[in-house]
Amino acid sequence: MKTGKIIQKIAADRLIPTTLELGGKDPIIVFSDANLRRAARGAVWAAFTNAGQVCMSAERLYVERRVYDSFLNLLIEETEKLVQGSDIHSDVGAMTFTNQKEIVKRQVAEALEKGAELKTGKLPERWDDSMFIDPMIITNVDPETELVCEETFGPILPVIPFDTEEEAIRLANGSKYGLNASVWTSDLQRARRVAAKLVSGAVNINDVIVSVANHHLPFGGTKESGIGRYHGAQGLTIFCHEKAIVVDRGKREREIQWYPYKGKYPEFSRMFRSYFSERKNWLSFLKSYWHLLRK
């Protein structure tokens, strides 16, 4: 995000159009009527694929309280199945940037110091010097910690309960980021309702991340996740200077809106009222237009 803002400032000085995708803090919302096993597997993949180093990685998981405990058990079960390593049979690889590993370590340490509970993985003080970080499920997280508020970009997933649909939407939107999100429920009407209220560049229903793989869909973020879109029709036009060309056959000597204005106002007023009224009066509109042509 910091680099993107620098680019935007330089581009603004030169009036260069930009599209910026600046990362996110993507939420998952799981309702009690969801296919919980599928949701757990989806959440684990979304959080830990590429060791969490995906701009659309799931970094906040909100679970309806009535299934919170059972879902958490599924989540832990699926996480503990993961194989970490660098061979072709491994599920989760390593961090790629030393500084980012330190950011992840700082966020986890702060959360634990403020009462969070570690359900999988190792305590930060037990991390070795390698670039591998065990996938971590963390609960009882203070909502004001960096782990909830700032992009982590590592294999860490905080899990937070909610009670109502409105609360879930508020929690998901309570971030300065808005890149991607997902909603899990068997009630597709509710899923679409919640998706419509999420401030996010994309929302997946009963799936995660995959919206970016459809090149017919626009991809980009809201808020501090960026501006502009790529992919889809918008992805082509955003890198173009579009030109409007208006053609008239040039037969008439003048147009009705040209000078002089003397005596035209009453007819213009009637014409506009006819056109913009709730029920358009086309006959009145055409009469006024005809009178203006003759003036």
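Helices (at least four residues) and strands (at least two) are here DSSP runs, numbered from the N terminus. The model is predicted.

**Exercise 1.** State which residues UniProt lists for the domain, and give the helix and strand content over them.

*Solution.* Start with the record: the unreviewed UniProt entry lists residues 2-244 for "domain: Aldehyde dehydrogenase". Next, take the secondary structure over residues 2-244, which is 34% helix and 17% strand. Finally, the end C-alpha atoms of this stretch lie 36 Å apart.

**Exercise 2.** Describe the largest pocket by volume, lining and contributing elements.

*Solution.* The volume of the largest pocket is about 300 Å³. Its lining comprises 16 residues, and those nearest the centre are Tyr-62, Pro-143, Val-148, Ile-160 and Leu-171. Two or more lining residues come from each of strand E3 (58-64), helix H5 (146-149), strand E6 (156-162) and helix H6 (165-173). Strand E6 supplies the largest share, 3 residues. Sorted by class, the lining holds 9 nonpolar, 3 polar and 4 charged residues.

**Exercise 3.** For the second largest pocket, find the volume, the helix that gives the most to the lining, and the classes of the lining residues.

*Solution.* The second largest pocket has a volume of about 190 Å³. Among its lining residues are Met-1, Leu-22, Gln-100, Ile-103, Arg-106, Gln-107 and Tyr-177; Glu-146, Glu-150, Glu-151 and Phe-153 also belong to the lining. Helix H4 (residues 98-113) gives the most, with 4 residues. By class, this lining contains 5 nonpolar, 2 polar and 4 charged residues.

Conventions:
Residues are numbered from 1 along each chain as its sequence is written. This is a predicted model: local features need pLDDT of at least 70, side-chain atom pairs count only at pLDDT 80 or more; totals for chains, interfaces and linings use all residues. Side-chain values use heavy atoms; hydrogens and water are left out. On a 1 Å grid over the protein atoms alone, a cavity is a set of points where a 1.4 Å probe fits but cannot get out, and a pocket is an open set with protein on both sides within 12 Å along at least five of seven lines; lining residues have an atom within 4 Å of a point. Grid points are joined across faces, edges and corners, and a volume is the space filled by probe spheres set on the points. Ala, Val, Leu, Ile, Met, Phe, Trp, Tyr, Cys and Pro count as nonpolar, Asp, Glu, Lys and Arg as charged, and the others, Gly among them, as polar. UniProt positions are given in the numbering used here, feature names are shortened, and annotations may be inferred rather than shown by experiment.
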